Structures are given as C-alpha cells and as structure tokens.
Amino acid sequence: MIEICHVSKRYPQSGTNALDDVSLTIESGAFFGLLGPNGAGKTTLISILSTLLLPSAGEIRIDGETLGRRRGDIKRKLALITQHNSLRSDMTLDQIMELQGRLYGIPQERILRRREELLAFCALTGHRNKTVRRLSGGMKRKLMLCRALLTDPEILILDEPTIGLDPASRRQMWDLLRTLNRQGLTILLTTHYIEEAESLCQRVALIDQGRVARLDTPENLIRLLGPVAVDVFAGDHTQSAFFPDKEAALAYAGGRSEPILLRRTTLEDVFLTQVGRGLEAV
Ligand code: ADP
C-alpha cells in the first residue's frame, strides 16, 4: 500500500508550489491514475515517490514504512518509468537488460531467465539484437517496461506511459499494463489522456494546481455528474448539461431550437465542471 501523507513541494528557484498538502492512499493491487493538465503537479508527485525529489513537507509510506533515499529495501519495491527515453542508443535490447540486472545485483541465471520472459511478454524477442536507435517509439517504451520489471517491483509508476505513441502502440501498452495489474502488480500512472484513465484506472485522482480536486472511480465521478451529456451549440460557444438518464436528457434537449448533441459524459466533463478548465489546458 502507498500512503501519500500531506505532501507539499515548493520549487525554491521559481517559487512554484507544485504540490499543496496532497494526501492519497493507493491499495496494493490497485490500478490508480493521476489525471490532470500539464503543470498540475503529477510529475512532481511521482518524482517524490521515486525519491528523485524530496518533499518540502509530508511523507510517503510504503506498506507502513516511511520512504527515504537511504531506504533501499523500500525503494526496491518501486520501479519508475519516466516520460523520457533513458536508454543508451548504442546498446542492444539484450545488453540493456543485462546491464540493468547487473546494476541491481541480480544473479546471472535469473537475469537470463527473466530477460527471456519479459522480452517475450512485450513481443520484443525478435528485436533483441537491434540497437535502441533502430527501435520505434513504441518498442522503446516497451523496452523501458521490460527493464523496469527485471527487478520484480511490487509497484510500477509510469509518467505519461503513452505520450507520443501512435494509437496501435498505445493500445498495446494498455494491454500489457492491464495484464501486469491482473497478475498482481500495483500500477500508478499519470496521464492527461481521458481515454487512458477511463479505460485503465480503477480509481483516479483529479489533480489541479497541486491539489487533489476529486478522488473516486471513473464510473462514480461520471455517475455523480450525470452519465448522459447534452451539448448545446449556441453561436460561438457550446454549453453542456448533464443528466441521470437519456429520458431526462431528451426532455431537456427537446425544448431547444439550437443544434444539440447527445453523448456519453466523460472524465473530461467531470474535470471541466469541477476545475473550470479542460485537461488539455496548459
Ligand atoms: P505535470 O506533471 O502535471 O505536468 P509538474 O509536476 O511537471 O506537472 O509541474 C508542476 C508545477 O511545478 C508547474 O508549475 C511547473 O512549472 C513547476 N515545476 C516543475 N518542475 C520544476 C522545477 N524543476 N523547477 C521549478 N518549477 C518546476
């Protein structure tokens, strides 16, 4: 279990309060999403979780124990995949996996066995002797996943795991993450893609300006707002209204003269009504 307890982070150079008293509990085995626009504080939070950054206040507890830079035993339970490609471009997939195993002191026999399993799991076996520079963006991201899993973490943290990927690679990554979660891995990811949060995450925290604006399952957040949306196109702006069912939405829409669209409510609507701006806002 991950407990984020009253965590704040201020960047002294810019005076930005990137996180402001954030508290969250993420149960073991959960698939949890931090959803928010650029600049909301998501990367800062997961950098603190991976001990790359220290909080200005508050603490993180993993299975009841306080996380710290010197707590190698706790840090080993976590693996982080950042947005940035941190792979050496002149190394092959096999070499990258072997190097990672050695860095973590994993016995050679285990490195070789896990490497086979993980490359096969990510459908990368046929590319194992290619250098990283010859891989597509999707393959690089899958290799980062293999590398992170080599140390058998209990918790996988991913910062925008599908940013910049084409739709097919994005769906492939979703399937891999779903399978890993079904096998018991706790997954925490950040995203600003609605579809990603809705289709993967059992619970999401809507993050805005360093605070948790809402925390619930995507279904509950949508149900509470009203699962059926009506967009009314009035001149140069669109006004949306939300209803508990289609009948109520149709009753509202029926009396309007402007063009209307009946649709399913999304997490973007929840975000917009809760926070007053959309997820693509910078
Ligand atoms: P997100 O991941 O949600 O896009 P970030 O955690 O990257 O958000 O950023 C949160 C806020 O902190 C933003 O206002 C950003 O400009 C600021 N920030 C992030 N990193 C730094 C840094 N190293 N120094 C100063 N300000 C930063």
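**Inside a predicted protein model**

Me: Which residues touch the most other members of the largest nonpolar core?
Reply: This is a predicted model, and its largest nonpolar core holds 47 residues. Helix α5, residues 137-149, gives this core its largest share, 7 residues. The ones touching the most other members are Leu124, Leu143, Leu145, Leu156, Leu177, Ile187 and Leu267.

Me: What does Leu267 touch, not counting residues up to four places away in sequence?
Reply: Leu267 is one of the core residues that touch the most other members. Contact here means heavy atoms within 4.5 Å. On that basis, Leu267 touches Leu35, Ile194, Ala197, Glu198, Val204, Pro218, Leu221 and Ile222.

Me: How many helices and strands does the protein chain have?
Reply: Picture the C-alpha atoms filling a box of roughly 70 × 45 × 35 Å along the principal axes. The secondary structure in there comes to 10 helices and 13 strands.

Me: How far apart are the centres of the positive and negative side chains?
Reply: Lys and Arg count as positive, Asp and Glu as negative. That gives 37 positive and 34 negative side chains. The centres of the two sets lie apart by 7 Å.

Definitions and conventions
Residues numbered from 1 in each chain as written. Predicted model: local features only at pLDDT ≥ 70, side-chain atom pairs only at ≥ 80, totals over all residues. Heavy atoms only, no water. Helix = DSSP H or I, 4+ residues; strand = E, 2+ residues; numbered from the N terminus. Charge placed at Lys NZ, Arg CZ, Asp CG, Glu CD. Core = buried A, V, L, I, M, F, W, Y, C linked by side-chain atoms within 4.5 Å. Buried < 20%, exposed > 50% of the residue type's maximum accessible area, 1.4 Å probe, protein only.
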